[in-house]
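Hi everyone, thanks for making the time today.

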Amino acid sequence: MLSWFTHHFLAPKSFYKTSWFLLPWLMGAFIIFFVYGLIAGLFIAPADYQQGDGFRIIYVHVPSAFTAMAIYLVMAICALLTLVWRIKIAAICMACSAEIGAWFTLLALVTGSIWGKPMWGTWWIWDARLTSVLILLFLYLGFIALRSVINDISNRDRASSIIALVGAINLPIIHYSVIWWNTLHQGPSLMQFAAPSIAPAMLHPLVSMIIAFLLFYAIILILRMQNEILIREIKTEWVKRVIAL
Amino acid sequence: MTTQLRIDQLQFERQDEIILQQINVALHASEILQIWGANGSGKSTLLRIIAGFIEPHAGSIQWRNQSIFCQLDTYQQQLRYLGHQNGVKPSLTVYENLCLYSALTASRINSRILNQVLDHMNLQSLSQTPTRYLSAGQLRRLSLAKLLLNPAPLWILDEPLTALDSEGQDFFKAALLNHLSTEGIAIIATHHLDLTLSTQTLHLGTLSSHV
Amino acid sequence: MFSAFFTLMQYEIKITLRLAYSWLTPLLFFVIVVSLFPFAVGPDPILLLKIAPGILWVSALLAILISIDHLFRDDAQTGYLDLLLLSPHPLSLLMLSKIFAHWLTHCLPLIIISPLLGFLLHLPANEEYALVMSLLLGTPVLILLGAIGAALVVGIRSHGLLLPILIMPLYVPVLIFGTGALMAASLNQPINGYLAIMAVLLLLSLAFAPFLTGMALRIGVNQ
């Protein structure tokens, strides 16, 4: 059963074919969640009583930070599948996720910085969350840099799997040590981002935007993976037929 | 006679370029496979694949009827690999290098055996010299001395005769014959060995193998 | 099995001691980088005392980072790594032996000289103690994590600054708790909590790193 699953369903060729059927559904769902999140977040949700309309950047910042973390988790799981079970599609998924994850991380940093200007009066503060996101960006860039210097595909996949795993083991440690460092140096924090409780009218658009961002990742990931599969299997008959079409 | 090492339909690619293709070998006890080929024809890569360092993209390698990648630890204990580099630490002396090697291969070697091997390879006078002062030929002798330290059924040697003088080559041939007489197998990439010793040859580059 | 561990370690130490530059370079680097700071921020003793934890820890981290690149590179060039990979002993154990030898020869001298540099930055006795203890617990973590990266890039010819980029982000927790211990000591607070957390980091990296280094080496050696 398991071997059927990995060899047929997860074979690059069948993934290429089945993923075409998934795409319209993902895109439809993405549009619904994105449009609802955008309209509800920008117009329906009440303005924050302290930050006014400035808080609305939360609908981009939090989803992109969340998606950036989620993508690293996906990469770590794929890394384990690559190293232990040598599942080809997992390596492809890991390879294609990295750049998307790095862009989301950068987006989270930039939006966090823009949000910081009205809140703190400065573009950058060594806030615990922003700092962990910055280190996440370094982890992504290290991963991408390592991949760019290794020529052989299977070596590239396995070497980058190891660094992804090491990063994933370290990420929680880094995260908590940064939070701890922040409280040590800043005293009682003035800059807690998300309030512990949030009004439902503000929360629903946020959840909707998070789902929309994850769906967007899934769509871009599938498109990139299809591309990567064609490149990797360029010599096989089925790819030649696909390209000829 | 059973086949000890069997290679079937081996294929290896590097950056979309096929380096090795259709390699088929069956080796029995006391046989030598000599690998020929121009520079860059993939001899060293093939040897590294057979030694289990690299996995081929297609095909199988079986040692005693089981894929080597399913029994990598036990398989690698039974082989001795000598690459183009000699695998010696330049700042250790000849004697220390052999001690370190015997510790790494988990063989219980006493100083008597060590000295015998040094004598045999004519390295006794150099035993306290750091290996960075050795000439290329002397280094090659040292790495051949490692082969003699403890026996193993499979030798994988990459250009073992490079830089050796005729005396060194004679030593090597004697050691090789002794290895064969104890049912050993050797896979050697070289241009220098005369064909009378080898029982099989594999020409790389032409992508054909003949017995 | 353990005799191989000690034999390998003994020879690794012997080799490093015979090549004085290989263990003196990181040490000199450490001393010079620390002594550059007074030129950069001014000789004010109060300011120097305040930023001394950061100066000492970051300089030690960089010195260790430059030494790690040599952990496997020379062995890869001489073909000696192949022998390690073919050895019947567990590769994790051989890696641990090499890493421990590297720590003894490259980090221990640094730790021994660190109180002297602390003295130049006007550290009081309890901070000197915190410095030595935090370096003793923290530097092995740096080496263990660095070894994974060094094994991954060992076969890459034009690796440049890839190794620092790969592993420096992973050094953040050690840096935070290492300097944290010194800061706490400067406020006359107990430092045992910091040292305990660093000990946990050490145990965690001892558990994972030698195995991952071995795995990385099998991949790295073929590039």
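Let's begin in chain C, where C:L96, C:I99, C:H102, C:W103, C:C107, C:L108, C:I111, C:S114, C:P115, C:G118 and C:F119 of α6(C) meet C:E128, C:L131, C:V132, C:L135, C:L136, C:T139, C:P140, C:I143, C:L144 and C:A147 of α7(C). Sorted by class, the residues of this contact between α6(C) and α7(C) are 16 nonpolar, four polar and one charged. Please keep in mind that this is a predicted model.

How do the two helices lie against each other? Helix α6 of chain C covers residues 91–120 and helix α7 of chain C covers residues 125–152; their axes come within 9 Å and cross at roughly 150°. Angles over 145 degrees count as roughly antiparallel, and that is why α6(C) is roughly antiparallel to α7(C). The crossing of α6(C) past α7(C) is right-handed.

In the loop between α6 and α7 of chain C you will find C:H122. What is its phi? For C:H122 phi is near 70°, a positive value in a residue that is not glycine. C:H122 has 40% relative accessibility, so C:H122 counts as partly exposed.

Now over to chain A, for another pair of helices. Helix α3 (residues 58–85) and helix α4 (residues 88–120) of chain A have axes that come within 8 Å and cross at roughly 155°. Here too the cut-off for roughly antiparallel is over 145 degrees, and therefore α3(A) and α4(A) are roughly antiparallel to each other. Which hand does this crossing have? α3(A) passes α4(A) in a left-handed crossing, whereas α6(C) passes α7(C) in a right-handed one. The contact of α3(A) with α4(A) has 20 nonpolar residues, nine polar ones and no charged ones.

Staying in chain A, have a look at helix α2, residues 12–44. Where is it kinked? There is a kink of about 35° at A:W20, shortly before the proline A:P24.

One more stop in chain A is A:A128, which sits in helix α5 (residues 128–149). Buried or exposed? With a relative accessible area of 8%, A:A128 is buried. Leaving out neighbours within four places in sequence, A:A128 is in contact with A:V178, A:I179 and A:N182. A:A218 is 90 residues from A:A128 along the chain, and their C-alpha atoms are separated by 28 Å.

Last, chain B. B:Q4 belongs to strand β1, residues 3–14. Its relative accessibility is 15%, and buried means under 20%, so B:Q4 counts as buried. What does B:Q4 touch? Setting aside residues up to four places away in sequence, B:Q4 touches B:L27, B:H28, B:A29, B:Q62, B:W63, B:R64 and B:I185.

And then there is B:S30, in the loop between β2 (17–28) and β3 (32–36) of chain B. B:S30 has a phi near 65°, a positive value in a residue other than glycine. B:S30 is partly exposed, with a relative accessible area of 29%.

That's my tour; I'm happy to go back to any of these places with you.

Technical notes. Residues are numbered from 1 along each chain as its sequence is written. Chains are lettered from A and ligands numbered from 1 in the order in which they are written. This is a predicted model: local features need pLDDT of at least 70, side-chain atom pairs count only at pLDDT 80 or more; totals for chains, interfaces and linings use all residues. Side-chain values use heavy atoms; hydrogens and water are left out. The bend at a residue is the angle between axes fitted to the seven residues ending there and the seven starting there. Helices (H or I, at least four residues) and strands (E, at least two) are DSSP runs, numbered from the N terminus. Axes are lines fitted to C-alpha atoms, for helices over the stretch in contact, and angles run from 0 to 180 degrees between N-to-C directions. Angles under 35 degrees count as roughly parallel, over 145 as roughly antiparallel, 65 to 115 as roughly perpendicular and the rest as oblique. A crossing is left-handed if the near helix is turned anticlockwise from the far one by less than a right angle, and right-handed if clockwise. Contact means heavy atoms within 4.5 Å. Ala, Val, Leu, Ile, Met, Phe, Trp, Tyr, Cys and Pro count as nonpolar, Asp, Glu, Lys and Arg as charged, and the others, Gly among them, as polar. Buried means under 20% relative accessible area, exposed over 50%, partly exposed in between (1.4 Å probe, protein chains only).
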